[in-house]
Amino acid sequence: MSDWSRGYPVDTAYFDTMQPEISPFRWRPALLTARFAPPSARRFRFLELGCGSAHTLIALAACYPEAEFLGIDFMPEHVVRARALISEIGLSNIRVEEAGFADLAATPPEAPYDYAAMHGVWSWVDPETRATIVELLGRWLAPGALCYNGYNCAAGWAAAAPIRQIFREAPAGPAEDRYGPARAAVADWLSYSQTPALEAFWAQLSRQSDGFLAHELGAKHGAEVWVSDLVRDMAPAKMAFACPCELHEQFDALFLDGARLDFIRAGTAQGWTQTARDLAYVRTFRADLFHRGALRLTTREMIEALRALPVIGWDRERGFGLISDLPVKDTPVATPEITAQIAALSQDGPHPIGTLVDGLDLDAQHGLQAVLVQLIRGNLLVVRPPEEAAAAQDGARAFNAVAKHHLEAGRNLLPGLASAQTGGVVIVPKALQRVGFGLDTGTPEQLDWLGQIGLTAQASPT
Ligand SMILES: C[S@@+](CC[C@H](N)C(=O)[O-])C[C@H]1O[C@@H](n2cnc3c(N)ncnc32)[C@H](O)[C@@H]1O
């Protein structure tokens, strides 16, 4: 470990990964529902802190050709991998620089940024580095800017603190099995601890590679975070909590039973809604948006903006487009009849949400609720207005052409593809990528929906 690391585990490079939830367009339904006016959807400046090999940021740069992107990371091997992909795709609206957060905090930007994002950073760095990040955000972000933060949430991680501690204290194994002793010690401990929930959590975590666990559990300062502490820490940058970045997070009644909903209501009455929600869900990860004085919307403005969002018919079984895989409860506005009506109305889309609402035999308020429930169920997908998607087509094609080339050449598979229509990353299993790229035969239905989000051979030239 060297001085510049500030306790971050820099001896193992992070793997290439992509986060679909980082996307200015994808954040829009949640922001609007929480009554915030998002910054411009086309011309904006976007900063990612601790971008790793920046595959998410690169896909975004491909999908927002009029915007400018800057990624920074202090590990040179990440920067090298990012730059190689940028030049392979041929993008000119993105830079990835080797820099620490302290370097940026010390200098003003050439122009302020409208968006910032950090994923897998906040809960892995030391308190001093967090303070530096806040200083940086206060200096680099424009009034009205938004900041995305994806971090480990204390409610679900607190019980797993012993696992983290074992990983810190158990000696390293041989290079090819570095965490062997730690993995074995956790398994031994769990065998008598009688904590079934924790056993299930470890069953998932233990499937991850040593490279992932090095960052997830091996970071010296790795710590779970309560959202209220984050809210306090962000205040010096004049940033306040806006909402979780995914729409479904504002609809707890669709997911939770009565006791949990009562618990959240009581927490809300006392002013600690988000912590109560985390406890009710036993949440291990949060992905939140903070704002720097963003404009608030009136109810009427919110409804108008939501009604204007284009949607296409979708199916949650397709496995992407959704972050939550929690089952959605039945509601009076999601009867089989209303569900079928919305499915029929959304065919041959995109159609604005308002068109679907107006086609239902429900009043405007219940109609909007009914459509939002179908969105949350994954039966609809929000897509960008056609002119925005068209402007992004060339960039997304160039990104996906490189992904196809990697696939054919047996090179490292890109973890996701870029969709001009959804405005960001989509994670597509390898078999489906091959169908989309015309390398394998798919069903007409598969080709139809892959085409709707720009992932077919026609959309991705050789
Ligand atoms: C867990 S990785 C997440 C990478 C990427 N955001 C993602 O989600 O795939 C955290 C990243 O933060 C970077 N990082 C940590 N501390 C940093 C610092 N003080 N300055 C710049 N980058 C830092 C690391 O090099 C690493 O790439």
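**Talking through a predicted model**

Student: Is Arg300 buried or exposed?

Tutor: Arg300 counts as exposed, because its relative accessibility is 66%, and the cut-offs are under 20% relative accessible area for buried, over 50% for exposed and partly exposed in between, with a 1.4 Å probe and protein chains only. Bear in mind that this is a predicted model, where local features need pLDDT of at least 70, side-chain atom pairs count only at pLDDT 80 or more, and totals for chains, interfaces and linings use all residues. Residues are numbered from 1 along each chain as its sequence is written, and side-chain values use heavy atoms, with hydrogens and water left out.

Student: Where is Arg300 found?

Tutor: Arg300 is found in helix H14, residues 299–308; helices (H or I, at least four residues) and strands (E, at least two) are DSSP runs, numbered from the N terminus. The C-alpha atoms of Arg300 and Arg35 are separated by 10.0 Å, although these residues are 265 apart along the chain.

Student: What about Arg28, which side chain of opposite charge is nearest?

Tutor: That is Glu388, 4.8 Å away, and Arg28 is buried yet has no salt bridge, a term for a side-chain nitrogen of Lys or Arg within 4 Å of a carboxyl oxygen of Asp or Glu. For charge, Lys and Arg count as positive and Asp and Glu as negative, while His and the chain ends are not counted.

Student: And what is Arg28 in contact with?

Tutor: Leaving aside neighbours within four places in sequence, Arg28 is in contact with Pro38, Pro39, Ala41 and Leu309, where contact means heavy atoms within 4.5 Å. Arg28 itself is found in helix H1, residues 28–33.

Student: New topic: which residue is joined to Pro350 by a cis peptide bond?

Tutor: Gly349 is joined to Pro350 that way, with omega about 10 degrees, and Pro350 lies in the loop between helix H15 (336–345) and strand E9 (351–352).

Student: What is the phi of Gln194?

Tutor: Phi of Gln194 is near 55 degrees, a positive value in a residue other than glycine. Gln194 lies in the loop between helix H8 (180–193) and helix H9 (196–205), and Gln194 is exposed, because its relative accessible area is 71%.

Student: And where is Val282 found?

Tutor: Val282 is found in the loop between helix H13 (273–281) and strand E7 (285–291). Val282 also has a positive phi, about 50 degrees, although it is not a glycine, and it is exposed, with a relative accessible area of 53%.
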